[in-house]
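Thanks for making time this morning. I will go through a few local features of one model, so please have the sequence to hand.

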Amino acid sequence: MKKSLLISILIVSLTQFVFGQNPFISNYTIADGLPSNRCHCILKDKSGFIWVGTDVGIVRFDGAGFTRFTVKDGLSYNATIRMKEDMEGRIWFLNNDGSVNYFFKNQIYNENNAPFLAEIKSNFYYHDFYQDNDSSIYLFTGNAEVSVVKGTKYIDFTSSNQPGTVLFSISKASNNNLLYWEHNRIVEKNSTDNIAAIYPLDLTVSKAIAQADGFSYVCDLEGNIHLFRNAKMVVRNYIKTNSKSINDIIVKDNFIWVSTFDNGLFCFENDSLILHQPLEKIQNLVADDQNNIWTSSSTYGIFKISTDIIKYKTLGTDNFDNKGIRGIAPSNQDYLWLTNGETIYSFKKDDIGNRKLTLQGKILDNLFHLRNNTLLASGTNTPLHIIEDVFVDEAARTINYGKLRKTPQHCKAFLVDSLEETVYFYINNNLLMLDLVNDFNVTPYPYEKWGRIKNIFFNHRNRVVVNANITRIIHPERVYRDSIYDQLSYKRIASNTNINNNFEVLLIEDKDKDALILKSDKHVFSLLENTDEQIDLKIRDMLYYKNTLFLFSVKTIYFISNPLAITNGKETKINHLNIEFNNINDVHCQNDILYVASDDGLTLIPFDACVNEVPFPTQPYFSQVQIDDEPFDFINKKVVYKNKDRLNIEFSSLNFSSTPSNYAYMLEGVNNTWVTGTETQVAYLNLKPGNYTFKLKSRKNLEAYSEVIELPILIEPTFFQLLITKIFIVLFLLGLGFIVIRAYYRRQLINREKDYQLVTLENRALQSMMNPHFIFNSLGSIQKFLLQNKAEEAGTYLSNFARLIRQTMNSIKSNSVPLDDEVDRLRNYIKLEHSRLENRFDFHILVDERLEEDEYSIPSMIVQPFVENAIWHGISQLTEGGNITVRFNYINEESVEVIVEDNGIGFERSKAFSKSKDHLNLASSLTNKRIQLIGEKYRVKTQLNYEELFPGKTNPGAKITLLLPIVE
């Protein structure tokens, strides 16, 4: 395992070393997320995705990440040899074991869910297929076996009538017949089994690639490519590749791209070779919508080749001793000086030759050619090299010089004044001057209060500016400060470039973000105020050329056309090149060419092409929708759900540049403002039912946004969220409220009626208790005592009678009476009747001990009528031995039981002796009615029972049981 891991690391390292030296070629390997570097085929689908068939599955690439599909996801076999998309949008996978799968609407189909695929499985893998206008698909193997399918049905199978035939392609002739391109002939068929014509070939075919315009490119074993129209050769040896294994040919923008297994990638304009890149073991080719050509390699993953590679020239590191270019400087003649850090090269008209000067062991970054042919060179931790009398010998193709001097001090960067008399450079707190006129002496500038120097440069007035904590300007006669520079105190001015004598541009380094300002003597303008958030890499340096300000970061070159427009109130717009470099070190413009020095080498870009380049927009898409964390299938491009809480939308974009995409989105119906950022998912919680539209757009750094894509969202209401349901609920609640209110007022009315009835019954009960008969009898008893001279008895009786009257009158003030007061009133009443009847009966009032533990109240004027009946209708007919017992029993916290017992003559006999039946019936009925109303009022069970105490005896007596509520 360790051995295989080491081999993988070595392959990745070698791949990056071999193919990482051209800014127009990008190589994707396992280091970038590919599951394997063994890639057999590549495809660009109609949506713009790049598909790669590897030996460990299929991957789909959108520029940001790889999505992998294997047998676990439904593939019949992991190794796919060829992929192709049909007219219906199905992506077909032709596998190495002869099986076939296709991908459609986010699902992989195999022999299980598409049984016809089992019928077309072959013993030898399919090389490719052709789809006819009627949607019939002709899948063919290398040994000329052809299976025909249409839709999801297996139609036919044919094979060649010539043993040993190798079939390379099937195409359509202008007469609508099919052309079968075999290794030594072309077979024309007007049906699957019927041969219309055979066209022998005088060459051995190694590849045949049909084009949509009716032309075909036919390759032979010597690497020659011949042009055919239908079955007729149009041009023999049209182009030549010197390859024995041509794999694919595509035409893009009138350029012919050819991939070979053994000789790399070729590009031809008509029949002229304009590009050859030695990419190893590459397979088929596809062109995307962003100006790129893609190819796969059976060893090195996949390659993306920008078609700008044929517009711009790059001199790779193989021209510079396998090192990148670190610095560029103009000469005083018609060539450039270049350095890779150790060697200095002269460059003229794309020609390097052997013109170079090597300074061993030095790291050189900065070059300056004086008019007297002295070349100055400096770098990291090196002295300033002074190379005198430098000249290029064109005949000998060498660089010669007279004398080499070095300063005793190290010099990282330096300035040369316009007269080329003095060189300025600095070390820590010291500004030094090199005299170019008198023996190259180095002396300190006569000023010591700089502080630690951060940078030096010439401003727009051609004055030396010393950037320290306090930035100062050197005048021939003095050192002074500038009010605008003072605003930049304690900040490093990383670079400056002068626009003219009135304006300069300063690059200000800050720990949070860099600032780019346009400065005059009195004004400052921010060039990045509206766009600085779009530049994601720090600016390294800049230059000004033909009204254009160029800025460069490690990977990208930005430019601002006419930066002075900001002084007239206009916004500046920053653009960038669609080229990604590997560590840009320096840039230079000369003769309308932008020279870019990077670790890739030297790249030459025409100035006009640079500033007029049209960017390729990104293409946003929705990658996944989840409802309550469960994936939702939105194949119909619409999301519909109900009764869910969380909606999660994930998105991305097709962007095949190294510049990441940023996004703007909104959910129309929730907000109407765009939310911007780099996040690729958003969640919404508890959305209300209704129609929404999720809108998305994307862009690369500094470019315009793409077209907006939309995802309709319908949140269906639940039953209880339906309008009709809400109306019904409202009506129901209104109706219920009406019923409740009506019932409330009706109950109030009933209660008031009951209260009125109770009051009426209480008054009538009082009348029954205080009836004239009772009062007359009581007064008669008092008179009797007086006539019998029993004044004391008369007084006692009168006192008890008066007390009873007072107690009775007090009881009518309330609906209830304390139990103790009721017992006392009953005792007083029974004593009066006991005295009137000359003590013919005894009486007992018994109260449950539990009722004596607390103050309980019962309805007033309830018990006395039953005691009165017991005396006058039960006991009064006895001459002696009468007995009355009244019991108050505790039932629970809500009820008390009252039992009135007598040993009188009973209910039946009392009717014969009663002189006032109406009064008896009235009292009983009033009491029954009152008990019923009291029970309903207090919502407590009430009861009234009549029974004989001693059934069957002469005097059966009576027992009356009352169940009364305990009143609060």
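This is a predicted model: local features need pLDDT of at least 70, side-chain atom pairs count only at pLDDT 80 or more; totals for chains, interfaces and linings use all residues.

Residues are numbered from 1 along each chain as its sequence is written, and side-chain values use heavy atoms, with hydrogens and water left out.

Cysteines, then. A disulfide here is a pair of cysteine sulfur atoms within 2.5 Å. By that rule the count is zero. Cys-39 is in no disulfide, and the nearest cysteine sulfur, in Cys-41, is 8.7 Å away. Is Cys-39 buried or exposed? Buried, at a relative accessible area of 0%; the term means under 20%, exposed means over 50%, and partly exposed is in between, with a 1.4 Å probe and protein chains only. Cys-589 counts as buried, at 9% relative accessibility.

Next, the surface. Patches are built from residues with over 30% relative accessible area and no salt bridge, joining like charges within 9 Å and nonpolar side chains (Val, Leu, Ile, Met, Phe, Trp, Tyr) within 5 Å. A salt bridge is a side-chain nitrogen of Lys or Arg within 4 Å of a carboxyl oxygen of Asp or Glu. Asp and Glu count as negative, and the charge is placed at CG of Asp or CD of Glu.

One patch is negative, with Asp-820, Asp-821, Glu-849 and Glu-968 among its residues. Helix H8 (819-836) and helix H9 (849-852) each supply at least two of its residues; helices are DSSP runs of H or I, at least four residues, and strands are runs of E, at least two, numbered from the N terminus. Glu-853, also in the patch, sits in the loop between H9 and strand E70 (857-859) and is exposed at 66%.

The other patch is nonpolar, includes Phe-719, Leu-723 and Leu-734, and has about 970 Å² of accessible area together, by the Shrake-Rupley method with a 1.4 Å probe. Leu-723 belongs to helix H5 (residues 723-769) and is exposed, at 63%.

Last, the backbone. Most residues other than glycine have a negative phi. Asn-291 has a positive phi of about 70°, in the loop between strands E26 (282-287) and E27 (292-297), and is buried at 13%. Glu-420 has a phi near 55°, lies between strands E40 (415-416) and E41 (422-427), and is buried at 15%.
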